[in-house]
Amino acid sequence: MNKVLVSGSSGFIAKHLVPKLLEKKYELTKINSKSGDVSDEETWRNIPKNDIVIHLAGVSYVPHSWDNPVPFFKTNLLGTICALKYCKKHSARMVFLSSYLYGNPTKLPINEDSKLYANNPYALSKKMAEEACQFFAESHQIDVTVLRLFNVYGPNQSTNFIIPSIINQIDSNTIIKVADLEPKRDYVYVKDVVRAIIKAMDYNNGFTTINIGSGKSHSVRQLINIIQNIKNTKLLVKSSGIRRKDEIMDTVADINMAKILLKWEPRYSLQDGLFEIIHN
């Protein structure tokens, strides 16, 4: 059985992934902020040999990246380079969790060959981390599978994100306040993401990027309607009408590559995922 290193083991996705890996009897090494700074080579120096690195460690809340971009580049870029150096040292392969990097798309759905455009510092840090992955893969013959995650949601996600924010407002029986009702996103349930990561662990073919999404998009307005229907509420919705600079109005992942290479596709519809969050 492969030995697996999970970085960012205390994060949102890792909390769903780690129990599944233990269930499958993988021998795990976990590192998180308590283990040291992921961007410091000393943190990695004495970690025992593992066969696979699942690199989840990262800073991800986009609005904060505008106010203070340095931690994003330090953790997301330098931390990834440290993980890649570890892979080189131990002849390990990597599954790297990236993000949506396509900016305002010219056509939908968006496939992996679409032009990349970082429209915020967080996305730029992830784009540069992907470039580091490709460089190490090609220069040092490391197998790196990059999963470009669209909008992940699920139980125990930070209330900074739109879905838990809406649910919390409904639970508080208040007016539901959002900035903009119109932007549409491809929401993918965290349990489907975990399945994709586990399948990617067995894929080793140099440097590969794969979209992980649902293949469908929903607006903020639709999100609120679905959640209110599940919770049987009819609270007033108020939009400030404030649209973010360079707002992306719609994203839909082309997930054919995931279907072909990983034999993966999502099992949860948005309705199913939201129902599970609310009732479990």
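This is a predicted model: local features need pLDDT of at least 70, side-chain atom pairs count only at pLDDT 80 or more; totals for chains, interfaces and linings use all residues.
1. **Largest nonpolar core.** This core holds 38 residues. Ile54 is among the members that touch the most others, together with Leu21, Leu147, Ile197, Met201 and Ile212. At least two residues each come from strand 1, helix 1, strand 3, strand 4, strand 5, helix 7, strand 10 (207–212) and helix 9 (256–262). Helix 7 gives the most, with 7 residues.

2. **Second core.** A separate core has 24 residues. Leu5, Ile47, Leu77 and Met94 are among them.

3. **Helix 1.** This helix spans residues 12–23. Its buried residues are Ile13, Ala14, His16, Leu17, Val18 and Leu21. An α-helix has 3.6 residues a turn, so residues three or four places apart point the same way. The buried residues of helix 1 pack against strand 1 (3–7), strand 2 (27–31) and strand 3 (52–55), among others. Strand 4 (93–98), strand 5 (144–149) and helix 7 (190–200) are also partners. Just after the helix, Lys25 takes a positive phi of about 70 degrees.

4. The open sheet has 6 strands in the order 2-1-3-4-5-10. Pairing is parallel. Strand 2 and strand 10 are the edges, each pairing on one side only. Neighbouring strands are turned by 15 degrees against each other on average, direction ignored.

5. **Strand 5 with strand 10.** These two strands run parallel and are joined by 6 bridges. Arg148 stands opposite Asn211 in strand 10.

6. **Helices across the sheet.** Helix 5 (residues 121–140) lies across strand 4, strand 5 and strand 10. Its angle to strand 4 is about 165 degrees. Helix 7 lies across strand 3, strand 4, strand 5 and strand 10. Helix 7 runs at about 165 degrees to strand 5.

7. **Aromatic pairs.** Searching the whole structure gives 10 aromatic pairs. Tyr100 and Tyr102 form one that is edge-to-face, at 5.5 Å centre to centre and 80 degrees between the planes. Tyr100 counts as buried because its relative accessibility is 13%, and the cut-off for buried is under 20%. Tyr102 is buried too, with a relative accessible area of 3%.

8. **Tyr100 with Phe150.** This pair is also edge-to-face, at 5.2 Å centre to centre, with 80 degrees between the planes. Tyr100 lies in the loop between strand 4 and helix 5. Phe150 lies in the loop between strand 5 and strand 6 (151–153). The pair therefore ties together parts that are 50 residues apart in sequence. Phe150 is buried, at 5% relative accessible area.

9. **Tyrosine cluster.** Which residues form one aromatic cluster? They are Tyr153, Tyr187, Tyr189 and Tyr268.

Conventions: Residues are numbered from 1 along each chain as its sequence is written. Side-chain values use heavy atoms; hydrogens and water are left out. Buried means under 20% relative accessible area, exposed over 50%, partly exposed in between (1.4 Å probe, protein chains only). Helices (H or I, at least four residues) and strands (E, at least two) are DSSP runs, numbered from the N terminus. Contact means heavy atoms within 4.5 Å. A nonpolar core is a set of buried Ala, Val, Leu, Ile, Met, Phe, Trp, Tyr and Cys residues joined through side-chain atoms within 4.5 Å. Two strands pair if DSSP finds at least two bridges between them. Axes are lines fitted to C-alpha atoms, for helices over the stretch in contact, and angles run from 0 to 180 degrees between N-to-C directions. Rings of Phe, Tyr and Trp (its six-membered ring) pair if their centres lie within 6.5 Å; planes under 30 degrees apart count as stacked, over 60 as edge-to-face and the rest as tilted.
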